[in-house]
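Subject: Handing over a structure, with notes

Dear colleague,

I am passing this structure on to you and would be glad if you could look through it before reading my notes. The sequence and the coordinates come first, and the notes come after them.

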Amino acid sequence: MCRSREFLSDLPNVVYKDTLGGGRVLKTFACVHDEGGLVVVKVYLKREGSPDLGSHKEELERIRDCLGGLSCPHLWPFQTWFESDNKAFLLRQYIFSNLYERISTRPFLSLPEKKWIAFQLLFALRQAHEKGVYHGDIKCENVLVTSWNWVYLSDFASAYKPTYL
């Protein structure tokens with residue numbers, strides 16, 4: 001836990017709550033924002049020789065701007081980012097459950113619920129592709145599911161990962 005707090009030491013307005021993931025490139029934490037809401041914070045530790053993050057910031061801004069203002073959006077891009085001397089942070093609002101957790105817990109999804117979730121995910125992809133945004137990392141952990149089975153596609157990786165192989 002102390003190590004987790006060190007990752008967030010340069011980020012103002014948030015307090016560590018829980019660790020969500022310890023990836024090799026990005027560390028992921030649930031935090032409480034000063035305004036009272038829960039946020040997800042992804043932290044990138046800059047190392048010696050790290051590339052300039054300016055192009056990544058521009059791509060994050062493009063994605064956020066392209067996906068903003070949609071009617072009935074099923075897309076949840078990063079809402080803000082922050083860079084310090086030795087770290088970069090991505091922030092978005094926290095949603096309690098992802099698709100992996102939802103399909104693994106009781107009550108299990110019925111066939112109509114599974115179809116509804118699949119439809120919403122396909123709709124989200126259509127919305128993103130119509131705006132010229134490609135996700136780059138679709139997996140169950142990046143599909144957020146509310147208690148009402150509303151689906152949001154999150155953590156658009158095309159800003160920092162290649163979308164084509």
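This is a predicted model: local features need pLDDT of at least 70, side-chain atom pairs count only at pLDDT 80 or more; totals for chains, interfaces and linings use all residues.

Residues are numbered from 1 along each chain as its sequence is written, and side-chain values use heavy atoms, with hydrogens and water left out.

The sheet

Helices (H or I, at least four residues) and strands (E, at least two) are DSSP runs, numbered from the N terminus, and two strands are said to pair if DSSP finds at least two bridges between them. In those terms there is an open sheet of five strands in the order 1-2-3-6-5, with antiparallel pairing. Its edges are strand 1 (14-22) and strand 5 (80-83), each of which pairs on one side only, and the twist from one strand to the next averages 25°; axes here are lines fitted to C-alpha atoms, for helices over the stretch in contact, and angles run from 0 to 180 degrees between N-to-C directions.

Strand 6 (residues 87-93) pairs with strand 5 in the antiparallel sense over four bridges, and these two strands form a hairpin with three residues between them. Within this pairing, Glu83 has Ala88 of strand 6 as its bridge partner. Strand 6 also pairs with strand 3 (residues 38-45), again in the antiparallel sense, over seven bridges, and there the bridge partner of Val40 is Arg92. Six of the seven residues of strand 6 are buried, so this strand is largely enclosed by the rest of the structure; buried means under 20% relative accessible area, exposed means over 50%, and partly exposed is in between (1.4 Å probe, protein chains only).

The nonpolar cores

A nonpolar core is a set of buried Ala, Val, Leu, Ile, Met, Phe, Trp, Tyr and Cys residues joined through side-chain atoms within 4.5 Å. The largest one here has 16 residues, and those with the most contacts inside it are Leu67, Leu75, Val133, Val143, Leu153 and Phe156. At least two residues of this core come from each of helix 2 (54-67), helix 4 (111-130), strand 8 (143-145) and strand 9 (151-154), and helix 4 gives the most, with four residues. Taking contact to mean heavy atoms within 4.5 Å, and not counting residues up to four places away in sequence, Leu75 touches Leu67, Leu70, Ala124, Gln127, Ala128, Tyr152, Leu153 and Phe156. There is also a second, separate core of 13 residues, which includes Leu8, Leu11, Phe29 and Leu91.

Two individual residues

Leaving aside neighbours within four places in sequence, Gln120 is in contact with His74, Asn149, Trp150 and Val151. Asp65, by contrast, is found in helix 2 and counts as exposed, at 51% relative accessibility.

The aromatic pairs

The structure holds seven aromatic pairs, where rings of Phe, Tyr and Trp (its six-membered ring) pair if their centres lie within 6.5 Å, and planes under 30 degrees apart count as stacked, over 60 as edge-to-face and the rest as tilted. The rings of Phe7 and Phe29 have centres 5.7 Å apart and planes at 35°, so this pair is tilted. It links distant parts of the chain, with Phe7 in helix 1 (residues 2-7) and Phe29 in strand 2 (residues 26-33), 22 residues apart. Phe7 is buried, at a relative accessible area of 8%, and Phe29 is buried as well, at 2%.

Trp116 and Trp150 form an edge-to-face pair, 5.5 Å centre to centre and with 80° between the planes. Trp116 lies in helix 4 and Trp150 in the loop between strand 8 and strand 9, so the pair ties together parts that are 34 residues apart in sequence. Trp116 is partly exposed, with a relative accessible area of 34%, and Trp150 is partly exposed at 35%. Ring pairs link Trp116, Phe119, Phe123 and Trp150 into a cluster.

With best wishes
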